[in-house]
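Hello,

Here is the structure for you to open. My notes follow below it.

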Amino acid sequence: MSMMIVATNKDTKPWIESFKKFNPTIDIEIYPNISDKDAITFALVWSKNDIDFKEFPNLKCISSMGAGVDHILCNKTIPQDIAITKIVDKQLVNSMWEYLLTAVMNVVTNHYKYISQQKQTIWNPIEPVKSITNTTITILGLGQLGNTIAQNFANMNFQVKGYSRSKKEIKNVATNQILEESIQDSDIIINLLPLTKETQQILNNNFFEKLKTGAYIINVGRGEHLVVEDLLQAIENKKISGATLDVFEKEPLPNNSPLWKNENIIITPHSASITNPASVTKQIMDNYSIIQKGGLPLNKVDTKKGY
Ligand code: NDP
Ligand code: OXD
């Protein structure tokens, strides 16, 4: 039995080193150079690719390298009995928190506007001054990441609203299952939804229309959540004041994308929260051994729900 890593656009060395440190006898193969397809029982997968999973007759489990699983579920070659798992990790949540705190404070303090003004040699204090206590943030998605992020912002005295499919109780967070109610009157919208049929293109013109004029968008979910043309239009019309975007339909973001040059948009290279191999090795290796024994792996995804 062996593990296959499918991550053609990622450096797999730190992963192999960490797995070998945990279990020096493990056999690891790196796709597409697989010497024995019959031996593969477990696949660790990062980003979309056109691998044919049917070529691996003894595959039992496909694990995402991250929290998202859309890049796996969109592959139509996966037999139904194969378990799909995701990463659940404190460090992943902490990194996301640090990223979002920076992005939100950037908006509250107008730093992104001052950087733009500096490039044009403009001295212009922006008023009225914003503050934490008069800033309302909506978190779309209250799962492993969104739940803690919402709590953390509430603990800092932001006004926080949260949107999810099922009912949630989070101290000092106004939770809701109705999108319109969750986003109205918000200053900053943070998207932490998984990409599914229901959430695809959720950040569209209709959504922006329902927001307070001047609201700010932070998208750390997936690029396919956002209709880029609608965002650019909403920024142009001043309905939306700006956006911080970490994820894109095509990654790396193509050089000719109009997003790069928009002074009200901040771009980061899918780096809001990068999975740390050392931090998640135990859960992946535990799953590797659980599935050999026919057990139920940890952090199994509900493929019907899509997350
Ligand atoms: P979870 O699966 O733990 O949580 C998903 C949340 O979204 C749940 O609260 C769920 O509601 C809610 N949700 C799902 N569908 C809907 C819907 N149709 N309407 C309303 N709410 C919905 O996911 P994680 O928190 O672990 O991760 C979220 C996403 O963040 C990932 O899928 C990935 O795309 C992205 N991500 C991005 C990273 C980056 O670096 N940019 C890093 C890590 C993750 P309910 O609780 O009711 O089921
Ligand atoms: C993830 C990601 O899904 O990094 O973890 O996007």
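By class, two nonpolar, four polar and one charged residues make up the shell around ligand 2. Here Ala, Val, Leu, Ile, Met, Phe, Trp, Tyr, Cys and Pro count as nonpolar, Asp, Glu, Lys and Arg as charged, and the others, Gly among them, as polar.

A word on the source. This is a predicted model, where local features need pLDDT of at least 70, side-chain atom pairs count only at pLDDT 80 or more, and totals for chains, interfaces and linings use all residues. Residues are numbered from 1 along each chain as its sequence is written, chains are lettered from A and ligands numbered from 1 in the order in which they are written, and side-chain values use heavy atoms, with hydrogens and water left out.

Ligand 2 has Trp46, Gly66, Ala67, Gly68, Arg222, His270 and Ser273 around it (a heavy atom within 4 Å). Three of these residues make polar contacts (N or O pairs within 3.5 Å; within protein, one atom must be able to donate a hydrogen and the other to accept it, and residues adjacent in sequence count only if both atoms are side-chain atoms):

- Alanine 67: a backbone N or O atom lies 2.7 Å from a ligand 2 oxygen.
- Glycine 68: a polar backbone atom is 2.7 Å from an oxygen atom of ligand 2.
- Arginine 222: a polar side-chain atom lies 2.8 Å from a ligand 2 oxygen.

On its own, ligand 2 has 210 Å² of accessible area, and the protein covers 89% of that (Shrake-Rupley method, 1.4 Å probe; for residues, only the protein chains shown count as cover).

Best wishes
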